[in-house]
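Work through each task with the sequence and the model at hand before reading its solution.

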Amino acid sequence: MVLSFAALAALVMALAVGSVAIDGAVILKALTGGDGQTETAIVRELRLPRALCAFAVGGLLALAGALMQALLRNPLADPYILGISGGAAVGALGAMLAGVAALVTWAALVGALVSTLLVFVLARTEGERAPWTTTRLLLTGVVVAAGWGALIALLLTLAPDAQVKGMLFWLIGDLGGATVAMPALATLAVALAVSFAFARDLNVLSRGEDVAAALGVPIGRTMLVLCALAALATAAAVTTAGSVGFVGLVVPHALRLLMGNDQRLLLPASAITGGTLLLLADTLARTVAAPVQLPVGVITALVGVPVLLLLLARVRS
Amino acid sequence: MTDVPNLSCRGLSLTVADRTLVTGLDFDVREGEVWVVVGPNGAGKTTLVSALAGLKAPAAGDIRYDGRPIASLAPRERAKIRGFLPQESVDHFPATVLETALVGRHPHLARWQWESAADVERARTALASFGLAGLDARDARTLSGGERRRLALAALVAQDPRLLLLDEPSSHLDLGQQVAALDALAALTQGGGRAVVMVLHDLHLALRYADHAIALGGERAIAGAAKDVLTASALSDVFGHRLVAVGEGTTRSLLPI
């Protein structure tokens with residue numbers, strides 16, 4: 001409940017703050033119909049879609065991060081740990097280099113899905129209960145991500161100077177070009193509903209695969225469905241905003257320290273908190289150095305790095 | 001006592017990495033019985049209980065719960081009938097003692113259902129029977145090795161299976177706790193139609209609690225009444241080391257020469 005109010009407050013703030021400050025009454029008027037004035041147009045056509053994109057992307061990343069941490073039983077896993085963002089980046093940057101800006105989003109989506117498939121096919125083993133073990137998935141993901149990293153470096157080197165800045169913005173994560181929020185929001189809703197149905201299975205899995213199998217959790221099927229879901233959520237996020245970092249790692253991790261590891265609470269809380277944080281970060285990104293708009297990934301990294309270090313220090317003690 | 005055994009096993013053969021552990025093992029576990037599995041390291045004790053739990057496919061043989069082949073039971077259905085305690089339990093993420101015990105209720109809850117007050121009550125009773133009352137809110141990872149073992153046992157009892165399969169339930173427990181924990185397990189078989197099959201390393205505990213036993217070793221397996229299986233001569237063969245019987249009553253044991 002508290003989290004939902006925070007999310008709503010952040011949304012109002014995101015709509016109000018900017019190069020043209022807009023007060024609450026106007027925002028309300030804009031949301032309920034609009035009157036053709038400049039200010040309501042700014043809210044309806046610029047700020048609202050971008051704010052919804054930010055919320056959806058943050059929610060998707062935090063949810064995917066929470067799922068990955070639970071599935072890989074590793075508190076330091078994030079949505080990109082299996083190389084999804086690398087594949088998406090190679091797709092997006094490749095499309096930019098080829099000069100087909102219109103296809104960047106689709107290329108990123110294809111890259112993300114190809115990368116996910118690649119990792120799961122390569123990591124496949126003859127497991128006793130599931131065709132994938134967490135260690136093999138992690139190792140394969142890290143190696144595949146390293147491969148994508150090399151390709152990204154190659155594309156950046158080959159790109160003409162004029163394109164490099166746009167590519168860097170994509171890699172850091174930027175909501176400047178985000179205008180269509182529906183696909184990301186819809187994916188968030190579906191992913192949250194499906195993962196919630198598996199939440200208690202994840203609770204049992206955190207007691208180990210032996211215990212989970214003995215309690216009737218179909219481990220292979222659960223892992224397949226939820227990994228695919230996390231990959232889809234991540235793909236929807238990166239195709240909307242590029243590879244925004246740290247939200248997917250820090251949000252579930254911090255919430256787990258605050259409210260424990262019951263996935264039935266952790267998954268929805270991660271989605272709402274992640275969305276709220278990215279919304280705040282994006283509002284900050286487009287106002288703090290105005291008229292220059294920073295890529296939102298800069299803000300999440302600047303905030304995320306110290307927070308993560310703090311959490312790690314707490315875990316060690 | 002009903003005619004249909006809780007667990008029946010026919011022609012069971014087990015192999016690990018092309019090594020034959022057991023061939024043609026037959027036995028029936030009926031309600032009220034306590035079976036103990038003994039044998040030297042690597043004889044296949046863990047493989048046997050995993051196979052009986054339906055978690056590892058045997059090389060050959062037919063395993064039935066209440067007369068129904070386990071292949072015909074969905075994982076969830078199996079989990080309502082039999083519980084399995086692995087040799088070691090792991091905690092990947094923080095969870096309270098009560099949450100950990102409640103995990104045992106998983107197979108009884110529908111996908112969208114949350115634990116009821118009755119489930120919590122059952123988990124609390126199970127915790128209390130293993131001396132963990134009042135620790136509900138503690139992080140399970142801060143418990144000692146013995147406390148964590150008893151917590152795993154409590155989660156298994158909260159699951160309320162009629163067939164309990166346990167791989168070394170007494171590990172990590174001190175001498176007094178071993179007796180207390182095994183007393184609690186043995187008490188479960190008094191009424192309620194339950195039966196226990198457990199791996200034990202300590203032959204004294206095996207003699208004290210078993211009414212039936214399976215001895216594994218040297219590619220052979222003997223199953224039967226404890227008085228026939230847990231003898232100095234039979235186990236000397238199984239362990240490949242001469243054993244002698246000492247003591248009597250609750251302190252009876254077999255010691256290596």
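**Exercise 1.** Compare the span of helix 4 of chain B with the expected span, and determine which of its residues are buried and where they lie around the axis.

*Solution.* The expected span is 1.5 Å times one less than the number of residues.

The model is predicted: local features need pLDDT of at least 70, side-chain atom pairs count only at pLDDT 80 or more, and totals for chains, interfaces and linings use all residues. Residues are numbered from 1 along each chain as its sequence is written, with chains lettered from A and ligands numbered from 1 in the order in which they are written.

Next, B:Arg122, B:Ala123, B:Ala126, B:Leu127 and B:Ser129 are buried (20 or more other C-beta atoms, placed from the backbone, within 10 Å of a residue's own; exposed means 12 or fewer).

**Exercise 2.** Identify the helices against which the buried residues of helix 4 of chain B pack.

*Solution.* Their partners are helix 3 (97-102), helix 5 (145-159) and helix 6 (175-188) of chain B.

**Exercise 3.** State how many residues of chain A are in contact with chain B.

*Solution.* 21 residues of chain A are in contact with 24 residues of chain B (C-beta atoms, placed from the backbone, within 7 Å).

Methods: Contact = placed C-beta atoms within 7 Å. Helix = DSSP H or I, 4+ residues; strand = E, 2+ residues; numbered from the N terminus. Arc of directions from axis to C-beta.
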